Amino acid sequence: MEERTEEGHTQENGGSDCAARQPRTSPCTSLRMFLVALSFAYFAKALSGSYMKSTITQLERRFDIPSYLIGVIDGSFEIGNLLVIAFVSYFGAKLHRPKIIAVGCVLMSIGTFIIALPHFIIGRYEFETSVRWVVNSTLNPSPCRPDSPANLTEDGTLPQVPASGCEGESNLSMWIYVLLGNVLRGIGETPVQPLGISYIDDFATEENAALYVGCVQTISVVGPVFGYLLGSLCAKIYVDIGFVKMETITITPSDSRWVGAWWLGYLIAGVITLLSAIPFWFLPRSLPVPRPEVPEKCTPEQTSFIKGSPLLKHKYSADEHTSFIEMAKDFIPTLRTLLAHPVYLVYLCVTIIQLNSLIGMVTYKPKYIEQHFRQSASKANFLMGVINIPAVALGMFSGGLLMKRLKLNIMGAAKFAFGTSLIGYILSLFFFAMSCENAKVAGVTLSYDNIEKISYDKHPLFTDCNSKCVCSSSDWDPVCGENGITYVSPCLAGCTTSAGSGKNTVFSNCSCVGVAGNYTASTGHCPQKDDCDRMFPYFLALSVITSFIISLGGTPGYMLLIRCIKPQLKSLALGFHALATRTLAGIPAPIYFGAIIDTTCLKWGQKRCGGIGACRIYNTTAYRIAYLGLTLSLRTISFIICIPGFILLSRQLKEEERSAIHGALRNGGTELEVLRKEELVISNSDQPHHPSENSTDRQTRL
């Protein structure tokens, strides 16, 4: 009988274990599915976001707009976030989070398609050039055409006449579509981060939460690798590919007038983002909150004690069904409570300033590589994607792994993030030493009278050697003279004849190139990249090292944000953090960085219908000082604010430790009182039979 009972008991336990394991398998699978789906959504949004930054110079040239206006377009993504993020983060945490993320991915996809729309509305891209594609003709028009003084303006230049067809152009610039599409992308991206991260943190075990968040953040950094590679590929393809004969295009991808097929990448990114929405429709609203393993033989008091474990204090169940009106009434008091948290406020200020520096730097880094080291847009994007971004991804993942291995608490995570950021800051100071000489352009960086010394004084474009030519001062059609100097146009180089066609055109009898007047010039900039070619590898190596070190603190810093607040405020805190950083960093940083970069422009392009277009050449020394100086100045301010932050965090941790000790003492006293009552009941029931024995046993138990 005993064997059968034990066997039956074993079978019963086995069935119980099986039943206990069964529900655990499904939530685990669902959480992994959610992790994969969220990683793909992060990848899609990161790909389209990085592709937007890789097309900055392409958009500038295509729509003839300055850098600050590109900053407005880039910041419009954050404006879309600003419109809805606080409400999505607060109400979304209490609704079906996966489905809200799915709707956001669909909106992101639509916005990406809208960005590509202007290419199919506006006409073909036209750029200023004196080179023509001539078939079966040996007679080319002279770049330097003499004219009577009556047709010249007071300063001796050719009067500007608007191009034909300008009166029929729409007053609404086409870049407005890009801006509106980016706003819609921002609205769609809103729920992905706060709802996705809070979902993982709610339903993953504490030791795995940091690793999962690190994985998702790593995938979000892998996305830009493909985004910049896609930008590199599209930058090589001419904007009107398929609509024009490529042999008629007289410029190369390294030319400052070149525009790549920017629209093609947005169509690809839109399709990928649309696909990322599909898995979220099939995921559950919530999962069982993970709890520590409970031994088979547990009293109710022990089970209750385990369920109340401090390991679960950061978990917040999303299954609490609350009416919409109650949630709305609770919103303002909850937000007030969040903003009264001193550690959270300091963390917010530090990350806002740090992100101003980071966003401004990343937005214009490809442009910096193009202008300072005279690389093509395609090569700059390729290097960003293949060399720089993988270092960031490795740093993010390593940071999450180190946090798990070292078992860092909140203070440890804060010190780790601060230390890595400080080391990266010190290394970044060496970028100032990596200078590159400006291009030698007559009338811009050189005087016609002294072509040996670069200076940034205002030089006249017109001099004795081209005085007989009637040239436009606004045209940008650079040619390389035999003397190694670049001239703004063949006309300003004094060239009277030309032979060949397209990219193979050669200009001769250029009076400004040589004294004898029989020197030639070819299309495009002069190479002059010896000093840049030597310095560029060092710049890339230092860029990789600093990116890796700074990224190491990314995941610990993010986990600090999650752990320093109450679980009920987690989703709102993440959402408000994203709102504040996007409002005060994502929107203004590209604008004022772009405006400062615009002040270093030496030669502006001309719009077809009049007005200033995109910049053609910059003062690279001023560009470097403005770009790097602004980036590092912002980081310096953030380090100063970190000092009171550490003091406040230390106080908060001490207070929490005291509260935990008092709570444990109170709980211990309550449990002891319950145990005494139980023993008293038992002793009363047994007292008539064995009074002395029971009294002794009770005392022993107590």
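**Exercise 1. Decide whether Asp 477 is buried or exposed.**

Solution. Start with the cut-offs: buried means under 20% relative accessible area, exposed over 50%, and partly exposed in between, with a 1.4 Å probe and protein chains only. Asp 477 has 5% relative accessibility, so Asp 477 counts as buried.

A note on the source: this is a predicted model, where local features need pLDDT of at least 70, side-chain atom pairs count only at pLDDT 80 or more, and totals for chains, interfaces and linings use all residues. Residues are numbered from 1 along each chain as its sequence is written, and side-chain values use heavy atoms, with hydrogens and water left out.

**Exercise 2. State how many salt bridges a search of the whole structure finds, then describe the one between Lys 45 and Glu 189.**

Solution. The search finds 6 salt bridges. In the pair of Lys 45 and Glu 189, the closest N and O atoms are 3.1 Å apart. Lys 45 sits in helix 1 (residues 2-54) and Glu 189 in helix 5 (residues 175-189), so this pair ties together parts 144 residues apart in sequence. Lys 45 is buried at 16% relative accessibility. Glu 189 is buried too, at 2%.

**Exercise 3. Describe how helix 2 packs on helix 11.**

Solution. Two packed helices are described by the angle between their axes and the distance between the axes. Axes are lines fitted to C-alpha atoms, for helices over the stretch in contact, and angles run from 0 to 180 degrees between N-to-C directions.

Helix 2 (residues 56-63) and helix 11 pack at about 75 degrees, with their axes 9 Å apart. That makes helix 2 roughly perpendicular to helix 11. The classes are: under 35 degrees roughly parallel, over 145 roughly antiparallel, 65 to 115 roughly perpendicular, and the rest oblique.

Now list the contact (heavy atoms within 4.5 Å). Helix 2 gives Ile 56, Thr 57, Glu 60 and Arg 61, and helix 11 gives Thr 363, Lys 367 and Glu 370. By class, there are 1 nonpolar, 2 polar and 4 charged residues. Ala, Val, Leu, Ile, Met, Phe, Trp, Tyr, Cys and Pro count as nonpolar, Asp, Glu, Lys and Arg as charged, and the others, Gly among them, as polar.

Glu 370 also forms a salt bridge with Arg 61, with the closest N and O atoms 3.5 Å apart. This pair links helix 11 to helix 2, across 309 residues. Glu 370 is buried at 7% relative accessibility, and Arg 61 is buried at 8%.

**Exercise 4. Describe how helix 11 packs on helix 12.**

Solution. Helix 11 (residues 342-372) and helix 12 (residues 377-406) pack at about 125 degrees, with their axes 9 Å apart. Helix 11 and helix 12 are therefore oblique to each other. From helix 11, Lys 365, Pro 366, Ile 369 and Glu 370 make the contact, and from helix 12, Ala 377, Ala 380, Asn 381, Met 384 and Asn 388. These residues divide into 5 nonpolar, 2 polar and 2 charged.

**Exercise 5. Find what Ile 389 touches beyond four places away in sequence.**

Solution. Ile 389 lies in helix 12. Ile 389 is buried, at 9% relative accessibility. Its contacts are Val 221, Pro 224, Val 225, Tyr 228 and Met 384. The C-alpha atoms of Ile 389 and Tyr 228 are separated by 9.0 Å, and the two residues are 161 residues apart along the chain.

Methods: Helices (H or I, at least four residues) and strands (E, at least two) are DSSP runs, numbered from the N terminus. A salt bridge is a side-chain nitrogen of Lys or Arg within 4 Å of a carboxyl oxygen of Asp or Glu.
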